[in-house]
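Dear colleague,

Please find the structure below, together with its sequence. My notes on it follow directly after.

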Amino acid sequence: MIDGILTGLQTAFTPINLMMVFVGCLAGTFIGMLPGLGPVSAIALMIPITYGFDPASGLILIAGVYYGAVFGGSTSAILINAPGVSGAVVTAFDGYPLAQSGQAGKALAIAAYCSFAGGTIGAVLLLVFVPFLAKISLSFQSADYFALMLFGCTAIAAFSGKGQVLKAILMTLFGLMLATVGEDPSGIQRFTFDQPDLYDGISFLLLSMATFALAEALMVVLKGSAATTKAAVKETLGSLKLTRAEAADIAPSVGRSSLVGFLVGILPGAGATIASFLAYGMERNIASAEQKQAFGKGSHRGLAAPETANNAASTGSFVPLLTLGIPGSATTAVMLGALLSYGVQPGPRLYVDNPAVFWSVIISMYVGNVILLVLNLPLIPYISKLLRLRPQLLTPIILFLSLMGVYLVSFNAFDLKMMVVIGTIAVVIRILEYPVAPLLLGFILGGMMEDNLRRALLIWDGSYAFLWQRPITATIVAITILTLLAPAIASLRGRRAARTLDRLEE
């Protein structure tokens with residue numbers, strides 16, 4: 001292992017590979033800022049360019065584009081409520097309100113620092129524990145994934161205000177319903193209404209852009225002159241500096257979210273989006289009653305948690321890719337294709353047969369995170385000038401970016417019509433004060449829950465005994481039940497305390 005790390009250091013720090021890291025990070029950052037494109041499109045464009053490169057150099061460039069896009073995806077989410085990548089959807093929950101309150105600089109700075117911390121901690125964990133983590137990833141079966149997705153659904157409490165748990169549950173169910181549209185795993189069409197464009201289901205990109213970017217633009221139009229007054233407040237960039245108290249406040253969140261993000265990232269099929277939702281939910285659930293009130297309104301912890309988790313998960317996703325040859329997401333699937341095109345076979349013997357490729361990619365991640373931080377912090381004053389655009393100019397830009405971002409992925413006009421319909425529904429949902437985030441959470445988890453439940457039932461001959469007979473599954477289910485019961489227990493304790501006080505006063 002030490003010999004492999006030394007070989008990786010020599011490979012990663014050659015001038016050509018350092019340049020590859022820089023170019024990849026720079027390209028990825030700007031691609032990540034553009035809503036709709038995302039790292040998959042960027043990596044697909046990079047593969048033909050890297051055919052003549054050494055395998056290590058080509059993969060270092062592609063990896064740089066990947067985590068550069070995740071790093072940069074938060075910018076548009078914070079400034080215009082249009083997440084550049086799906087992993088930045090949760091960033092908008094608190095990042096956008098911070099920008100609206102005149103703290104865009106601080107929000108972008110927190111995102112940059114936390115992205116750096118998450119990526120760096122993930123790279124260190126990857127460097128130290130990669131062989132051991134590969135074995136953990138292999139031990140997970142369909143039953144365990146189903147239990148994990150079930151646990152993810154308990155995060156709905158994190159996206160609902162006081163007294164809105166029922167609304168959050170309804171929105172989660174709505175998201176689960178939308179996830180059933182299209183072809184099921186057995187090949188049967190469901191809820192497509194004989195419309196061929198729905199055979200593949202609804203795209204998450206389409207849903208997220210419609211419920212956030214498009215709905216936000218429509219809300220600005222509906223508010224009219226009120227939005228213009230609000231725009232005057234958000235013109236100021238605000239300070240980029242974090243006080244010691246603010247840094248101390250988010251530090252525990254960064255540590256916890258790095259670990260959660262990395263562990264979720266090593267599980268094939270989970271990815272940065274689920275990691276960011278879980279980290280956000282965890283942070284809100286363990287926050288004090290006073291801190292919970294700030295979530296969704298500009299909480300520093302609410303911004304730090306998803307930004308840390310999605311970058312740590314991006315690093316963790318290289319564990320199944322490099323050690324097992326299993327792509328955990330669409331992005332890593334494209335990267336697997338790139339590896340095979342270089343003549344490199346990923347799997348358990350990769351770090352034995354090709355130590356230069358394996359270890360140089362891991363080491364380049366740390367270098368890349370340093371480069372991303374150095375690149376992004378000086379650019380914040382220039383990027384934030386988007387805030388100075390008047391609503392009359394900013395709204396058409398948001399509409400154009402969101403609609404074209406979805407169209408350039410599918411080149412299907414039906415998706416634009418669907419996006420307008422969903423955007424209109426999202427506006428009604430917002431007016432009725434229903435939380436939108438649980439809808440996205442239910443949609444993300446719905447498909448994976450169904451697939452893994454089907455596989456688990458096939459393995460166990462239709463019996464649900466896997467929920468308590470497998471130790472890993474039983475543990476996750478127990479944690480899920482405790483998480484669901486926690487709010488009820490807290491409510492009962494509050495009532496008892498109130499009754500006790502009333503008795504003492506009497």
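Lysine 106 and glutamate 246 are both buried, where buried means under 20% relative accessible area, exposed over 50%, and partly exposed in between (1.4 Å probe, protein chains only). The two residues form a salt bridge in which the closest N and O atoms are 2.9 Å apart; a salt bridge is defined as a side-chain nitrogen of Lys or Arg within 4 Å of a carboxyl oxygen of Asp or Glu. This pair links distant parts of the chain, with lysine 106 in helix H6 (residues 104-139) and glutamate 246 in helix H11, 140 residues apart. Helices (H or I, at least four residues) and strands (E, at least two) are DSSP runs numbered from the N terminus.

Please note that this is a predicted model, in which local features need pLDDT of at least 70 and side-chain atom pairs count only at pLDDT 80 or more, while totals for chains, interfaces and linings use all residues. Residues are numbered from 1 along each chain as its sequence is written, and side-chain values use heavy atoms, with hydrogens and water left out.

Further salt bridges

A search of the whole structure finds six salt bridges. One of them joins arginine 470 to aspartate 144, with the closest N and O atoms 2.6 Å apart. Here too distant parts of the chain are linked: arginine 470 is in the loop between helix H22 (466-469) and helix H23 (471-505), aspartate 144 is in helix H7, and 326 residues separate them. Arginine 470 counts as buried because its relative accessible area is 14%, and aspartate 144 counts as buried because its relative accessibility is 0%. Helix H7 covers residues 142-153. Leaving aside neighbours within four places in sequence, aspartate 144 is in contact with Ser139, Arg470, Ile472, Thr473 and Ile476, contact meaning heavy atoms within 4.5 Å.

Arginine 190 and glutamate 450 also meet through their side chains in a salt bridge (2.7 Å, N to O). Arginine 190 lies in strand S2 (residues 189-190) and glutamate 450 in helix H21 (residues 437-459), so the pair ties together parts that are 260 residues apart in sequence. Both arginine 190 and glutamate 450 are buried. Through shared partners, salt bridges join Arg190, Glu450 and Arg454 into one network.

Helix packing

Helix H11 (residues 244-265) packs against helix H12 (residues 271-286) at an angle of about 145°, with their axes 9 Å apart. Axes are lines fitted to C-alpha atoms, for helices over the stretch in contact, and angles run from 0 to 180 degrees between N-to-C directions. Residues making this contact include Ser253, Arg256 and Val260 of H11 and Ile274, Leu278 and Met282 of H12.

The axes of H12 and helix H14 (residues 300-316) come within 8 Å and cross at roughly 145°. Among the residues that meet there are Ala272, Ser276 and Tyr280 in H12 and Arg301, Pro306 and Asn310 in H14.

Partly exposed residues

Phenylalanine 30 lies in helix H2 (residues 15-33) and counts as partly exposed because its relative accessibility is 41%. Valine 420, in helix H20 (residues 413-431), counts as partly exposed because its relative accessibility is 42%. Valine 420 and leucine 206 are 214 residues apart in sequence and 9.8 Å apart in space, C-alpha to C-alpha.

With kind regards
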